[in-house]
Amino acid sequence: MAADRRSSWLKGVLDLLVLSCLTDGESYGYEISKALTAAGLGDIKGGTLYPVLNRLEEAGLAVGEFRAAERGPGRRYYRLTDDGRRALAEQGASWREFHAAVTTMLTGTVPGGPE
């Protein structure tokens, strides 16, 4: 049951998290998946991740470029666009406000206020 809840919560914020993974430069799907896993968000499979990357590309928030590899299959590298950076800043601020409201409701305290 906890995994179902976590999956549901993740769906609402995965686009934002993927944008966040691209803030330090370009990356490819497997590296993004590893970063999300390392952050404690669980194992994000390609069937979940690649539709997000495609959606971000279609929205003009990220750009993907296929590169052939000397050995093995080529990879599609993604990077943020200027619109993607703006969206990350705006959506990140909105998420933090939402998180604060949820925290207030769950704990009965006001973030930053006396406890």
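**Exercise 1. A pair within helix α2**

Task: In this predicted model, locate Lys-34 and Glu-31 and state how many residues apart they lie.

Solution: 
- Step 1. Find the element. Lys-34 and Glu-31 both belong to helix α2, residues 29-38.
- Step 2. Take the spacing. They sit 3 residues apart, about one turn of the helix.
- Step 3. The closest N and O atoms are 3.4 Å apart, and Lys-34 forms a salt bridge with Glu-31. The cut-off is 4 Å.
- Step 4. Lys-34 has a relative accessible area of 40%, so it is partly exposed. Glu-31 is at 29%, so it also counts as partly exposed.

**Exercise 2. A network**

Task: Start from Glu-65 and Arg-67. Which residues are linked in a network of salt bridges?

Solution: 
- Step 1. Confirm the starting pair. Glu-65 forms a salt bridge with Arg-67, with the closest N and O atoms 3.5 Å apart.
- Step 2. Glu-26 joins Glu-65 and Arg-67 in a network of salt bridges.
- Step 3. Glu-65 is partly exposed, with a relative accessible area of 43%. Arg-67 counts as partly exposed at 27%.
- Step 4. Set the count. The whole structure holds 7 salt bridges.

**Exercise 3. The largest pocket**

Task: What is the volume of the largest pocket, and which elements give two or more residues to its lining?

Solution: 
- Step 1. Read the volume. The largest pocket has about 420 Å³.
- Step 2. List the lining. There are 13 lining residues, and Arg-6, Trp-9, Leu-10, Val-13 and Trp-95 lie nearest the centre.
- Step 3. Assign elements. α1 (2-21) and α4 (82-107) are the elements that contribute two or more residues.
- Step 4. Sort by class. The lining has 9 nonpolar, 3 polar and 1 charged residues.

**Exercise 4. The second largest pocket**

Task: Which element gives the largest share of the lining of the second largest pocket?

Solution: 
- Step 1. Take the volume. The second largest pocket has about 190 Å³.
- Step 2. Find the main contributor. α1 provides 6 residues, the largest share.
- Step 3. Sort by class. The lining divides into 5 nonpolar, 3 polar and 4 charged residues.

**Exercise 5. The whole chain**

Task: How many helices and strands does the protein chain have, and in what order do the elements run?

Solution: 
- Step 1. Count. The chain has 4 helices and 3 strands.
- Step 2. Order them. From the N terminus the run is α-β-α-α-β-β-α.
- Step 3. Get the extent. The C-alpha trace spans about 60 × 35 × 20 Å along its principal axes.
- Step 4. Get the burial. Of the 115 residues, 25% count as buried.
- Step 5. Get the surface. The accessible surface is about 7900 Å², and 54% of this belongs to carbon and sulfur atoms.

Technical notes: Residues numbered from 1 in each chain as written. Predicted model: local features only at pLDDT ≥ 70, side-chain atom pairs only at ≥ 80, totals over all residues. Heavy atoms only, no water. 1 Å grid on protein atoms, 1.4 Å probe; cavity = no way out; pocket = protein on both sides within 12 Å on 5 of 7 lines; lining within 4 Å. Points joined across faces, edges and corners; volume = space filled by probe spheres on them. Nonpolar A, V, L, I, M, F, W, Y, C, P; charged D, E, K, R; others polar. Buried < 20%, exposed > 50% of the residue type's maximum accessible area, 1.4 Å probe, protein only. Areas by Shrake-Rupley, 256 points an atom, 1.4 Å probe, with all protein chains shown as cover. Salt bridge = Lys/Arg side-chain N within 4 Å of Asp/Glu carboxyl O.
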